[in-house]
Amino acid sequence: MDRGSIKKWLKAPGKMGQKYSFWVVYFCTGCGIIEIPPTITSRWDAERFGVIPVATPRQANLFLITGYVSVKTLRAIIRTYEQMPDPKYTVGFGSCPINGGMYWDSYNTIKHLDKYIPVDGWIAGCMPRPESIFIAVTHLWTMIDKGMATGYIKYREKYKNYRKNQEEALGKLEWPPLYPVGDKNE
Amino acid sequence: MQLITILVVSFLGAGIVYLTGKFSGRVRDISAVLVSLAVVILVGLAYNQKIYTNFYSLPFLNLSLSLRLNYLSWFFAIIVAGIGFLSILFSLEYIKDYQGVGFYYFMMLFVNAGMLGIVLSADFLSFYIFWEMMSWGTYLLISYKGGKAVAAGLKYIIMSVAGSLAMLFAIVSLYASYGTLKFSSLASLLQIASPGYILFLLLMFVVGFGVKNAIWTLHTWLPDAHAEAVSPFSAVLTGVLVRMGMYGFLLIMYSIVGLSLLHKLGYGLLNFNYILCWIGAITIVIPTFTALLQNDSKRLLAWHGIGQGGYMVLGIGVATSLGIAGGILHTLNYAVCGALLFFVVGAIEHRTGGVRDLNELGGLIKRMPVTFIAGLAGISGLIGVPLTNSFVSKWMIYKTLIMENYPFLAFAAFIGTWGTILSVYKFLHNIFLGQLPEKYKDVKEVPLTMQIPMILLSLAIILFGILPGIPLKVISGIEKSFGVEPLSTTMFGMPKEIGELNLINILAVLLVAGIVVYLIFSLSAKSRRVNQDDNYAAGLFVPRGKYQYSARFYDQAYRIIGPYLHDVVDDFYYWLVGKSKSSFQIVRQIYTGNINTYALYILLFLTLLIFVKLGWGL
Amino acid sequence: MIIKVISIIVLPLIALIIGFFFLGLSRKVIARIHRRYGPPISQPLIDVIKLINQESISHGKLFDMGVILSLAGSVILVLFIPFGGIAPLATSGDLLVIIYLMLLAPLGVALSGGEAANPNVSIGISRKMMLALGYEVPFLFSLLAVMTWYKTTSLVEVVKAQQSFLWAIFYLPLPAVAYFMILPAMLGIRPFDIVSAPQEIASGTAVEYGGRYLALTTIQHAFHIFIDIALFVNLFLGGGNLLTFFVKMLVVFLLGLFINAVFPRLRIDQAIKYCWKWPAILALVGLIIARII
């Protein structure tokens with residue numbers, strides 16, 4: 001932990017701030033949310049890592065996709081993700097967001113979340129233990145340090161493809177595109 | 001001569017405007033503006049002059065009608081003329097689609113002229129004549145829209161006549177006792193009158209002026225009248241017409257009776273001024289909290305008109321130099337804020353087709369930014385946010401109450417301010433903030449002639465908020481004429497011996513702090529401008545216009561305080577009306593409406609006379 | 001003159017540092033009461049640095065201006081409240097001015113949130129207004145008790161009178177207790193965090209804030225903590241020099257924290273009724289005593 005390193009703070013305050021202050025959007029997408037309350041309360045205390053839950057995506061910079069993603073939830077996930085300000089990080093929690101998990105053959109579950117929004121890291125397991133969230137958080141620190149957690153940049157650059165995938169799964173979306181989707185020549 | 005010119009211009013101008021209206025609407029509009037502007041200029045030119053003129057001697061009663069000008073009357077005259085001019089200007093577009101516009105302009109100018117007459121007259125006879133002109137003109141203007149407005153006007157005129165009669169009673173008694181009605185001679189004659197007689201006089205005048213100034217228990221006409229009148233006239237009504245009562249209070253209490261006599265009225269705490277203070281305090285608290293329950297924008301402002309009147313009465317009731325100055329200054333400040341807020345409501349009405357219900361509006365800031373800024377200035381002034389005008393006057397009233405050891409009165413004044421904050425914020429929020437309903441998508445900003453009055457008044461709010469020395473200079477002149485120790489003032493606040501208030505320093509640090517914060521703000525990471533309907537909605541997308549919270553804005557507070565705020569006074573008056581209706585049935589049996597019966601009455605009366613004559617003759 | 005200018009610059013910085021220290025301390029102390037380890041004391045600072053470097057969204061001009069007004073209003077308020085004998089602007093405004101300047105911060109936030117057009121914001125504002133109406137009653141009673149007792153409206157005079165003699169809390173214990181009872185409501189912390197209840201109305205007025213807006217709001221909150229507690233220390237605990245003043249503030253803050261870390265949140269109507277009951281009665285009795293004696 002280099003939280004006390006003044007040199008690094010002076011060099012890149014934004015990056016250091018991003019690292020040590022993850023505000024998690026308080027949004028239960030699936031059964032994995034049941035692991036979050038013990039994580040943030042007395043038993044495991046996520047606050048010592050600077051991780052606190054917040055109420056709205058406007059304030060958050062970490063999005064935990066906790067559990068399986070149904071088609072209906074996907075709409076809300078995309079909406080929430082788009083409302084989060086840059087820079088923002090996404091972590092898939094549990095095996096369901098990775099490949100559908102035990103719902104691998106369900107007609108109503110999204111199997112590959114990263115087709116619709118960029119995901120910076122995965123926590124495998126069903127359920128993963130709260131400790132694994134901390135491992136994920138510390139791993140995310142390393143990734144931010146090395147400049148590897150760039151999901152939000154990818155989303156901006158490849159927005160056209162993401163939007164296409166989203167509309168394939170959900171039909172026409174009610175809200176306007178976040179970034180311009182047309183070609184520059186148009 | 002100057003004073004006669006002012007009155008002649010204003011009365012004759014009203015007539016000319018009416019006559020030109022018969023030929024051309026455009027000429028009428030222009031001449032109305034010109035006449036009201038001429039009055040402003042004439043009154044402005046009379047600044048700092050002391051004039052006394054006898055303009056007509058009655059051939060009987062040994063009375064003469066006379067006019068005078070001093071600081072007090074100039075102060076009120078300039079408010080009357082200024083607000084009158086601005087509301088005429090505002091009316092140009094507002095009133096266009098109504099019936100009988102010529103009559104409207106005539107009455108507006110006539111009422112204005114009546115008010116000028118009131119403040120300029122130097123004896124009670126001319127005072128009373130102008131007072132009645134104003135009252136009846138007001139009645140016609142309140143009922144101008146027809147429908148509900150007729151009932152409101154009737155309520156007003158009944159209460160007003162009751163007040164005038166009380167006043168007339170006092171005036172007649174003054175004439176009977178002293179044989180003169182001149183203010184200046186009465187002021188010296190009354191110094192040797194018995195306290196009982198003075199108290200009787202004051203009570204009668206308090207009823208007369210109290211109806212106009214809407215002090216508590218005499219206030220019930222005001223919400224209806226303000227709500228139903230057309231908005232430019234509501235502005236005149238709340239800003240200056242109601243404050244004629246305030247002028248009356250000042251005239252009778254300090255100009256005629258005088259401070260030394262007032263102090264003799266009563267024993268210990270139970271004296272005239274202390275009771276007046278408590279009436280003022282009740283007038284602050286109950287109406288401002290009643291305003292919290294209103295959903296009609298004009299009615300909400302009307303209740304504030306009553307509540308702010310309470311501050312003025314409280315200020316002059318304390319009878320210290322600071323308190324009287326605060327009360328008078330608050331008259332000016334409220335006239336500016338109140339008129340501005342009614343203009344804002346008028347602008348909203350004009351553009352949305354007469355919508356006054358606060359629950360139906362919303363989000364108009366995107367469409368009417370100038371009106372929003374005017375509204376913001378208006379509510380800040382009404383609350384008394386520092387650097388707006390009412391802050392100074394309220395500060396003076398609080399300060400004097402605390403220094404004179406009246407903490408409970410001070411508490412009433414303070415908590416009234418909190419009631420004001422709650423309700424006027426609701427006013428601003430429900431009209432301008434929140435989401436824009438679909439039906440107001442194409443609303444436009446009001447035309448320039450409606451913007452100018454609002455902008456001018458907003459500037460006045462800021463100007464008097466930073467430089468309270470301008471009006472306070474005139475007010476200390478008024479205090480000198482009352483024989484009260486005049487308030488020593490500086491341009492930007494109060495001198496050290498009165499209290500710590502220096503507005504220019506507050507402004508300076510606020511500006512510096514604002515700039516520093518703005519620098520921090522603009523140097524941090526940029527923000528992206530999003531549309532209003534891109535809102536957090538728990539992951540959902542809510543379509544436009546369906547995401548608004550304004551109805552029952554303070555619901556939990558209503559439930560606690562609502563039951564205590566029933567207007568019992570109004571109920572009492574209605575109960576009285578109901579009772580007297582049944583007793584008037586007896587009278588109606590005498591006045592049958594049949595000519596034959598009346599002929600019989602005449603015959604009987606004549607016979608009676610003949611018998612009496614014969615009886616005496618024998 | 002130069003000393004004055006320097007103190008005008010330095011005092012807000014001191015207030016900011018103390019405010020952030022209190023914010024961090026409160027998180028740490030509450031964590032320890034919950035038997036957690038808790039974040040480092042510098043965590044609020046880390047959060048603000050992050051927020052300043054994070055992008056955000058804006059709903060319009062008023063959305064920006066409101067936040068700026070709110071913070072600027074809090075910053076200048078610091079200059080009117082004596083801090084250990086330093087009060088650069090105390091001659092420009094007394095307690096009455098302070099009461100009114102306290103309006104600017106909520107007004108700014110309310111205006112800014114209003115343009116965001118989110119009903120959660122509107123509910124938050126309406127709750128803030130109602131809560132303010134609730135706590136202003138005992139607050140004004142206590143302030144009036146002090147002003148009536150010392151026959152002055154100047155805060156500097158109040159402090160001076162206490163330093164030459166006993167503290168006001170010994171003469172006016174009831175208003176002091178009442179002020180202390182409503183302190184969490186003024187600070188907006190539990191059990192009175194009704195205004196920003198994250199679980200009910202998604203953090204109320206701050207629902208659309210992100211990035212720099214939230215950073216400014218956090219800084220404003222730090223100032224706000226400083227102001228409310230410094231006012232208490234000045235009014236009832238007799239001010240002091242820089243060090244004793246800070247110690248007194250710390251004591252008041254920790255006492256409040258210990259009591260309030262263990263309470264759940266009240267409903268808004270319960271909060272109003274609470275404010276109008278015991279604190280108001282205590283302060284009113286205190287005011288009557290101050291008026292009579």
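How many positive and negative side chains does chain C have, and how far apart do the centres of the two sets lie? Chain C has 20 positive and 12 negative side chains, and the two centres lie 10 Å apart. Lys and Arg count as positive here, Asp and Glu as negative, while His and the chain ends are not counted. Each charge is placed at NZ of Lys, CZ of Arg, CG of Asp or CD of Glu.

This is a predicted model, in which local features need pLDDT of at least 70 and side-chain atom pairs count only at pLDDT 80 or more, while totals for chains, interfaces and linings use all residues. Residues are numbered from 1 along each chain as its sequence is written, chains are lettered from A and ligands numbered from 1 in the order in which they are written, and side-chain values use heavy atoms, with hydrogens and water left out.

## Chain C as a whole

Chain C has 14 helices and one strand. Its radius of gyration is 19 Å, close to the 19 Å that the globule rule gives for 293 residues, so chain C is as compact as a globular protein of that length. The radius is taken over C-alpha atoms, and the rule is 2.2 Å times the number of residues to the power 0.38. Helices (H or I, at least four residues) and strands (E, at least two) are DSSP runs, numbered from the N terminus.

Of the 293 residues in chain C, 67% are buried. Buried means under 20% relative accessible area, exposed means over 50%, and partly exposed lies in between (1.4 Å probe, protein chains only). Take the contacts in chain C between residues at least 6 apart in sequence: 80% of them join residues at least 24 apart. A contact means heavy atoms within 4.5 Å.

## Chain B as a whole

Chain B holds 24 helices and seven strands. A compact globule of 618 residues would have a radius of gyration near 25 Å, and the 26 Å of chain B agrees with that. Buried residues account for 62% of its 618 residues. Of the contacts in chain B between residues at least 6 apart in sequence, 78% join residues at least 24 apart. Chain B carries 39 positive and 25 negative side chains, with the centres of the two sets 3 Å apart.

Boxes are for C-alpha atoms along the principal axes. Areas come from the Shrake-Rupley method with a 1.4 Å probe; for residues, only the protein chains shown count as cover.

| Chain | Box | Accessible surface | Carbon and sulfur share |
|---|---|---|---|
| Chain B | roughly 110 × 65 × 55 Å | about 23,600 Å² | 69% |
| Chain C | roughly 55 × 50 × 40 Å | about 9,600 Å² | 74% |

## Two residues of chain C

Which side chain does the side chain of C:R36 meet in a polar contact? The partner is the side chain of A:E47, at 2.6 Å. A polar contact is a pair of N or O atoms within 3.5 Å; within protein, one must be able to donate a hydrogen and the other to accept it, and residues adjacent in sequence count only if both atoms are side-chain atoms. C:R36 sits in the loop between α1 (2–33) and α2 (43–52) of chain C. With a relative accessible area of 12%, C:R36 is buried. Leaving aside neighbours within four places in sequence, its contacts include A:I40, A:D45 and C:A31.

C:G134 belongs to helix α6 (residues 119–150) of chain C. Its relative accessible area is 0%, so C:G134 is buried. Not counting residues up to four places away in sequence, C:G134 touches C:C275 and C:W276.

## Backbone exceptions

Most residues other than glycine have a negative phi, and most peptide bonds are trans.

B:N405 is not a glycine, yet its phi is positive, about 65 degrees. B:N405 lies in the loop between α17 (389–403) and α18 (407–432) of chain B. This residue is buried, at 18% relative accessible area. C:A202 is likewise not a glycine and has a positive phi of about 55 degrees. The loop between α10 (198–201) and α11 (212–236) of chain C holds C:A202. C:A202 is buried too, at 7%.

Chain A supplies two cis peptide bonds. One runs from A:D86 to A:P87, with omega near -10 degrees. A:P87 is in the loop between α4 (71–83) and β4 (89–93) of chain A. Another runs from A:C126 to A:M127, also with omega near -10 degrees. A:M127 is in the loop between β5 (121–123) and α6 (130–146) of chain A.
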